[in-house]
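We will go from stop to stop, and at each one you will pick something and look around.

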Amino acid sequence: MLWVQLAMRDLSTARAGEDQLTDGARDGPRRERGMTEVARHGQCDGAHPWYSPAVRGGNWNSPQTPSRPCLCPRGSGWEYGNAPAGSTYRMEQTDFDVLVIGGGSAGYAAARIAGQMGASVGLVERGPVGGLCILDGCMPSKALIRPADVLHLMRTSGDLGLHANRVQVDFARVMERKTQLVEEFAAYRREEIARAPGVELLLGEARFRGPREVALRPTREDGSPNDGRPARTLTARKIVLATGSYAWVPPLPELHEVGYITSEEVLRLEAPPESMVILGAGVIAIELGQFYARMGTRVTMLQRSGRILSHDDAEVGQTLAAHLREEGIHIETHSVLRGCFRRPDGMRVMIADIAGETREFPGALLFVALGRRAAIHGLDLESAGVRLNEDGCFVAVDDAMRTSNPDVYAAGDLATMRQMTHIAVLQGEVAGFNAARTLGLGGQGAADAFLSPGARRLGGVADEGTGGTLRMDYSVVPQVIFSDPPFARVGLNEQEARAAGRHYLAARYDFADLGMAQVMGQTKGFVKMLADRRDGRVLGVQILGHQADTLIHEAIVAMAFGATAEQLARIPHYHPALAEILTYPAEELAAAVRR
């Protein structure tokens, strides 16, 4: 913190620093770190220049340099000309306006938005740069799923009159292609960060030393400690946490003795194992379990609840489970894990109670896929006054992505159970916008100038009129599982609608009844649509079937614009096309609402 004596005798000091200040002004919105801002708060008009106009011969009410809103705390008695000329005002000096900890999808989005709004931004990343989605999540898994889908199509194309005998799998090439794609995506992300205005990448591990103070231990690009560089302390006016998540492992001591893999290691195997036992049957387990099953691995899934995808309507999990079992995947529900051991032949054996019976499930590998939790180890959140949610798994935030510390925001996997990249990006943009906006940055324009179309659609501007606080809205959020057939949904399902007390109507249409699906030989699955019983507004759509990940976007657009089932049904659809399948439940719902 600095004490700035605002009196005529300070002008000589200001003139002495003219060159430095002028250089800082050329940087546009980004202030020179460490410079002293001289402003006569006795005539504060709420729009201080970034440096004293006296340096350039200007006057206080007509600054000749870009201005930013008054930094005086509201209610302090100093803002808007309340302080007498010559008074002393305490100001802070920080390394950055906004410090973002974590360079993944959420962190990069927050840094990019804050930088565009004029903030000086430090982006802390332990390394390697890229984040979970690029390095160990969405992109590498989809790069593996694609060849597995093609392989399965080749093997099952007999009904089309095509017979691919002795299909050979070059597993090394499958993995090599995945690695090449990941490297390209990561390189592009590094380029994006380098081009982002006002953003400085800082390689290191962060640990809070106070509400707005962070100790940084330098690392190398691969994330390993860089002992050749000294540790440093960083300060910021606002901080955004975006450190992501880690794969949760149950507290079974035997697991560490026996050995297991998580979603990171399973993406890097050199060869498909002979057998694999998967703990869990969620998104990651289903996608990668099916991949390895198609590569020749004997796969067993142990699910705690009574069905897979237990948060979705029963028919979704039951139908998908039936298709997975058709491919030879063994699924056990109502599983209670009891322990594990390793046999003399090297096989890992999982012990679980199934319907009151203790059974053993051997596998060459144990794949733990039981969900993810906030990666907060080593951050020392207590020092920053940042609290966790009730179950202690994630950082608690409000709908503006603020934590219990009003100067600290959080976004992405560490702040939500909705662990999807598009949600992380939206949350990051909302957090970055709000952090910069509370500093008076970004001008008085609407939020649209700084946010992506996704955030404009799903976030709402509120508080203080145009350009006020941006808040998350999760009412139109798509979810996709890249299984085969894939599953996609948006809005409410039936069990959620009942829990919310909504009066709704539901209609379903099967792919087996759709002409184009029959032509393509893709007849698995169905579409299910919910609409409000009173006005017919679409409340939710679930699609289990071919190209569900693409088809769901028509429903997303309809819901984003508040369309009714009748409006959706009246939209012209080309014939024949898979997209026609949405019109049938929409027509049924529209007729029911009219009755």
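Is proline 585 buried or exposed? Select proline 585 and you will find that it is buried, with a relative accessible area of 0%. Here buried means under 20% relative accessible area, exposed means over 50%, and partly exposed is in between, all with a 1.4 Å probe and protein chains only.

Before we move on, a word about what is on your screen: this is a predicted model, in which local features need pLDDT of at least 70 and side-chain atom pairs count only at pLDDT 80 or more, while totals for chains, interfaces and linings use all residues. Residues are numbered from 1 along each chain as its sequence is written, and side-chain values use heavy atoms, with hydrogens and water left out.

**Stop 1: around proline 585**

Proline 585 lies in helix H18. Helices (H or I, at least four residues) and strands (E, at least two) are DSSP runs, numbered from the N terminus. Now show what surrounds this proline: leaving aside neighbours within four places in sequence, proline 585 is in contact with Ala507, Arg508, Tyr509, Val527 and Met529. Contact means heavy atoms within 4.5 Å.

**Stop 2: two cis peptide bonds**

Stay in this part of the numbering and select histidine 575 and proline 576, which are joined by a cis peptide bond with omega of about -5 degrees. Proline 576 lies in the loop between helix H17 (565–570) and helix H18 (583–594). Next, pick aspartate 484 and proline 485, where another cis peptide bond has an omega of about 5 degrees. Proline 485 sits in the loop between strand S20 (479–481) and strand S21 (487–491).

**Stop 3: positive phi values**

Select leucine 309, in the loop between strand S10 (298–302) and helix H10 (314–326). Although leucine 309 is not a glycine, its phi is positive, at about 55 degrees. Leucine 309 is buried, with a relative accessible area of 10%.

Then go to methionine 401, in the loop between helix H11 (381–384) and strand S17 (408–410). Its phi is also positive, near 70 degrees, in a residue other than glycine. Methionine 401 counts as buried, at 0% relative accessibility.

**Stop 4: helix H6**

Select residues 171–195, which make up helix H6. How far apart are the end C-alpha atoms of H6? They are 37 Å apart, which agrees with the 36 Å that its 25 residues should span at 1.5 Å a residue. The expected span is 1.5 Å times one less than the number of residues.

Colour the buried residues of H6, among them Val174, Lys178, Val182, Ala186 and Arg189. As you look along the helix, remember that an α-helix has 3.6 residues a turn, so residues three or four places apart point the same way.

Zoom in on arginine 189, which is buried with a relative accessible area of 12%. Not counting residues up to four places away in sequence, arginine 189 touches Gly103, Gly104, Ser105, Tyr108, Val129, Gly130 and Ile134.

**Stop 5**

Select residues 232–241, strand S7. Seven of its 10 residues are buried, so S7 is largely enclosed by the rest of the structure. Two strands pair if DSSP finds at least two bridges between them. Show these partners one by one:

- Strand S3 (residues 96–101) pairs with S7 in the parallel sense over five bridges; phenylalanine 96 has alanine 236 as its bridge partner in S7.
- Strand S6 (residues 213–218) runs antiparallel to S7, with four bridges; leucine 216 stands opposite arginine 232.
- S17 runs parallel to S7, with three bridges; valine 240 is partnered by tyrosine 409.

**Stop 6: the nonpolar cores**

Finally, select Val98, Leu99 and Leu241, which touch the most other members of the largest nonpolar core, a set of 61 residues. Helix H12 (residues 421–437) gives the most to this core, with eight residues. Such a core is a set of buried Ala, Val, Leu, Ile, Met, Phe, Trp, Tyr and Cys residues joined through side-chain atoms within 4.5 Å. Another core, of 37 residues, lies apart from the largest one and includes Ala148, Ala285, Phe291 and Leu324.
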